[in-house]
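Subject: Structure for your attention

Dear colleague,

Please find below the structure I wished to pass on to you. My findings are set out after it.

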Amino acid sequence: KHTIFVGRPQMVSVDVEVNYEEQVFETVTREIQVPKMTYDQNQVPHVSYETVTQQYQVPKTEMTLRTVQVPKMTYENGPNGQTPKVTFEQVEIQVPRPVYQTKTKTVKE
């Protein structure tokens, strides 16, 4: 006895959750002065300014510490007088870095 399969094999798709990092942006508002030209009844031009509010997106940052090497000049007293000597010291400075958030999306595989 033989078993014969008729038809195409079925493809099975699986939902897979994938994590990914996405950069975070924040909205910044600023007010700028925009010149506005008007003319009086004698056709004399007058410039006035009006305040316009602008909004734009900037990358959100957070401050993080970074260690940097800073050259330091010292002088040593020797037989020929003072001789300069450069040493390096480590200094921690604050630097901004972009903020990322983890997001999840579902893809079919």
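Predicted model: local features only at pLDDT ≥ 70, side-chain atom pairs only at ≥ 80, totals over all residues.

Overall architecture. The protein contains six strands and zero helices, so that the order of elements from the N terminus reads β-β-β-β-β-β. Its radius of gyration is 34 Å, whereas the globule rule gives 13 Å for 109 residues; the protein is therefore more spread out than a compact globule. Taken along the principal axes, the box filled by the C-alpha atoms is roughly 105 × 85 × 20 Å.

Of the 109 residues, 4% count as buried. When contacts between residues at least 6 apart in sequence are considered, 60% of them join residues at least 24 apart.

Which backbone angle of Gln43 deserves a remark, given that the residue is not a glycine? Its phi is positive, at about 60°. Most residues other than glycine have a negative phi. Gln43 is located in the loop that runs between β2 (25-39) and β3 (45-59). With a relative accessible area of 59%, Gln43 counts as exposed, because that value is over 50%.

Yours sincerely

Methods
Residues numbered from 1 in each chain as written. Heavy atoms only, no water. Helix = DSSP H or I, 4+ residues; strand = E, 2+ residues; numbered from the N terminus. Rg over C-alpha atoms; globule rule 2.2 N^0.38 Å. Buried < 20%, exposed > 50% of the residue type's maximum accessible area, 1.4 Å probe, protein only. Contact = heavy atoms within 4.5 Å.
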